[in-house]
Amino acid sequence: MKKIDLYLIKKFLGPFLVVFFIVVFALSLQFIWQYINELAGKGLSIGVIMEFWGWASCTLLPNEIPLATLLASIMTLGGLGERNELLAMKAAGISLMRIMAPLMILSALITVGAFFTADRLVPYAFNKVYTLKQDITRTRDQIKIPTGIFYDGIDGYILRVSDRNEETEMMYDLIIYDHTANTGNTSMTVADSGRIEITPDKENLIFNLYHGCSYTESNKMTFRDTTLELSRLRFDEQQLIIQLDNYRFERSEKDSFGDELKSLGLKRLQSDRDSISREVDTTVRKQLPRFASTMGMNYLYQIDTLLGKKKVYTGDFDLDSTLATLTPLQQKQVLRSAASKAELGEEQIHNFERETSYNVSMIRRIDVESIIKFTLALSCLIFFFIGAPLGAIIRKGGFGTPVIISIFLYLTYYIIDMIGRNLAAKSGKLTPWEGALISTAILVPVAILLTRKSTQDSSLFNMDTYKEFFRRIGKWIAKRWHRFINLFRRGGGKIRIVYMGTPEFAVAPLERLLQGGYEVVGVVTAVDKPSGRGLTMNESAVKKYAVAHGIPVLQPEKLKDPGFLEQLAALKANLFVVVAFRMLPKEVWQMPKLGTFNLHASLLPQYRGAAPINWAIIHGEKFTGVTTFLLDEQIDTGKILFQESCAIEPYENAGDLHDKLMAMGAELVFKTVDALENHRTKPYEQTSGLHKALYPAPKLTRDNCHIDWSRSARAAHLLIRGLSPYPAAWTTLVKEDGTQLSVKIFESYVVPCADETRPVGSITTDHKTFLEVRCGKDALRILNLQLAGKKRMDVAAFLLGFREPEKYRFE
């Protein structure tokens, strides 16, 4: 046996034994509670109670072992998964089935043990526990005489006690009627006080009475003498001894429940079944002649197939032709006689069923009891193949989630099993095999499914998967419903969109709308412009995407051109979506019935303008986002529809943030269109109440991209981040002789200035790894740059050709 196998077995046996004893204690305690009234007040010894508890626990083993196996397997594999041990084993190339192999063998051994337990120990325990229960029930309760009432709990005596001292157990004002002679109230004892005690063998009750009087009356009268004789005896102390019966616990000489089905093993069950079956067969053989005689079947040999082919009647019974020879009155008499015999035969059959019903019922019960000895044992193995994969999937150990899941699964199995047994054993609506195997038949597919899913690392119990699934279904239903409702609303019906945009940032929202199933009837984008040394015509990113997807494209030079407005109106759109496009005239944005909204790459009212992404980083913002808003006469001032925010990470530049906001913007555009379609928007005015200042986002020019080295190194670093990779922050490299060279800087970081006496813009380097520039505060180390007319390079490559840095400075 390998160490990993031994480790897994130890991990399984610990929870199995703990859970087993917990389940034994809980279920046996529930069993004891059912009979607590019969146990209490009997004066039973601890040994008898513990024996009763022990045998009761044994009778519950068929329920305890499968539940312990299920819970232990979930806890073992779940604990391994929770501690990432399962992941480590899989990473080492060990498959889940190989991990489970030693536990499978152990579960198989538990299954075999469970079968012999159900066949040998449990029947013996049933016999013992119910015999012991009978003996306990036969034992009378301890004598406890109440005060103020007449007590008849002692055979042959009626007592009354007025008061009792609980500390001394002394009773006061006693009246005792002796009815042992069955002559009425002819013997009575009255005492001021008294005390009772029971002999150690519980066969006699001793009354110690003080200061009283005994009255005895002869109840014998004759015809000649009708007088009664009364004797009275006063006493200061008297002892009255009463014989007790069944107040001492006594065991039966032999077991009384050995013939009950639950007290029988397989061999005895099969023997009893054979005996009962022979008895049923004998009864049926006796019933057949009686039935034939009752029905008037005098020539049965004619249709008896056992007599051979020569004697069997092979013709037809032509009843119609026979009846045709009779008069109508004779026909009526014949038919009435036949109906009467049929009713008599039906009644006879019901009588026969009642004669054999008990034995047939016993056969069904024996069959069910025999089969469940196998199914209960098999359930241990099945529960392992449910619990182990389930633990590997949910990856939760301990007594939390595994206990809840185990109890739910086992209760489901137990309820189905009990229903199946009752339907088979009592009512006979199911065959014994069907009734006993129905719960197993349900569990086996579940075990196969979970084992298969666990070996495939399925996300079967990933709630997010189900939430997303039902969310999509709900969204699909809601969308269709709202589209139907919109047919009766202003601007309702199917959404027809005209999309307006130009750069790459505007492509993602257009693509998302098409993926969402919306109809984009046209695209408006910038006109083609010549670019490059060859002045080749360059198409916008939005146009390229639209042409590739067969969407009509409009490229007006002037948005107020009547021809363009006519073409735009001909598209019959009811919604305009604008992303990174020009300012629209009122004639355009007022055209659609559902309105026109724009996507802006900031949290309005902050950073209104053409370059919100760049200026958010340049100003050192920690958060930004995207906004959709309705257009009005001013730039970026319309009512807000929706906003989504995100953090600006310290390592992100303008290009990184551009890509992040482009994806967020695509989803927000889709969300906005969906809300407008279903009339679920609540536009609100832009306010500055949530912002300390309203930073503008003006168009980037060469002047505002220049690095001012007199400012702090942090400000220079933010400018570089906010302009990288395009258009890029720039500076001038000046040599002592006045030679100037333009330089773009793409990456940098801030460091403390080692020599604050150096002038602003001065350069420090080790000629190999770093290039440091003195700023107004601190210093800036450059990581990536580009000289005019050269390619972009890292600082190490730049320093290879940079000689005499002390003769240069940045301006």
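**A walk through the predicted model**

Helix α13 (residues 507-515) lies across the strands β7 (496-501), β8 (519-524), β12 (575-579) and β13 (596-600), and the helix runs at about 165° to β7. Here helices (H or I, at least four residues) and strands (E, at least two) are DSSP runs, numbered from the N terminus, while axes are lines fitted to C-alpha atoms, for helices over the stretch in contact, with angles that run from 0 to 180 degrees between N-to-C directions. This is a predicted model, in which local features need pLDDT of at least 70 and side-chain atom pairs count only at pLDDT 80 or more, whereas totals for chains, interfaces and linings use all residues. Residues are numbered from 1 along each chain as its sequence is written, and side-chain values use heavy atoms, with hydrogens and water left out.

The protein as a whole has 20 helices and 24 strands. Of its 811 residues, 42% count as buried, where buried means under 20% relative accessible area, exposed means over 50%, and partly exposed lies in between (1.4 Å probe, protein chains only). The protein exposes about 45,900 Å², of which carbon and sulfur atoms supply 57%; accessible areas come from the Shrake-Rupley method with a 1.4 Å probe, and for residues only the protein chains shown count as cover. If a contact is taken as heavy atoms within 4.5 Å, residues 24 or more positions apart account for 67% of the contacts in the protein with a separation of 6 or more.

Strands of a sheet pair through backbone hydrogen bonds, either parallel or antiparallel. Two strands are taken to pair if DSSP finds at least two bridges between them. In this open sheet, 7 strands follow the order β11-β8-β7-β12-β13-β15-β16, and the pairing is mixed. The edges are held by β11 (553-554) and β16 (640-647), each with a single partner strand, so one side of each is left without a neighbour in the sheet. Strand β15 (residues 623-630) pairs with β16 in the antiparallel sense over 7 bridges, and Thr 624 stands opposite Cys 646 in β16.

Another open sheet is formed by 6 strands in the order β1-β2-β3-β4-β5-β6, with antiparallel pairing. Its edge strands are β1 (150-151) and β6 (230-243), each of which pairs on one side only. Strand β2 (residues 157-165) is joined to β3 by 8 bridges, the two running antiparallel, and Arg 164 stands opposite Met 171 in β3. The hairpin of β2 and β3 has 4 residues between the strands, and in this hairpin Glu 169 takes a positive phi near 60°. Strand β3 (residues 170-178) in turn pairs with strand β4 (residues 187-198) over 6 bridges, in the antiparallel sense; Tyr 172 stands opposite Ser 193 in β4, and the bridge partner of Tyr 177 in β4 is Met 188.

Glu 355 is found in helix α9 (residues 328-394) and is partly exposed, with a relative accessible area of 38%. Leaving aside neighbours within four places in sequence, Glu 355 is in contact with Thr 283, Gln 287 and Arg 290; from Val 284 it is 71 residues apart in sequence and 9.4 Å apart in space, C-alpha to C-alpha. Helix α10 (residues 401-427) contains Ile 419, which is partly exposed at a relative accessible area of 46%.

Charged pairs complete the picture. Side chains of opposite charge can pair when their charged atoms come close. With a salt bridge defined as a side-chain nitrogen of Lys or Arg within 4 Å of a carboxyl oxygen of Asp or Glu, the count comes to 19 salt bridges. One of them links Lys 671 with Glu 644, the closest N and O atoms being 3.6 Å apart. Lys 671 lies in helix α18 (residues 654-677) and Glu 644 in strand β16, so the pair ties together parts that are 27 residues apart in sequence. Lys 671 is partly exposed at 37% relative accessibility, and Glu 644 is partly exposed at 33%. Glu 772 and Arg 781 meet in a salt bridge at 3.0 Å, N to O; Glu 772 counts as buried at 5% relative accessibility, whereas Arg 781 counts as partly exposed at 22%.
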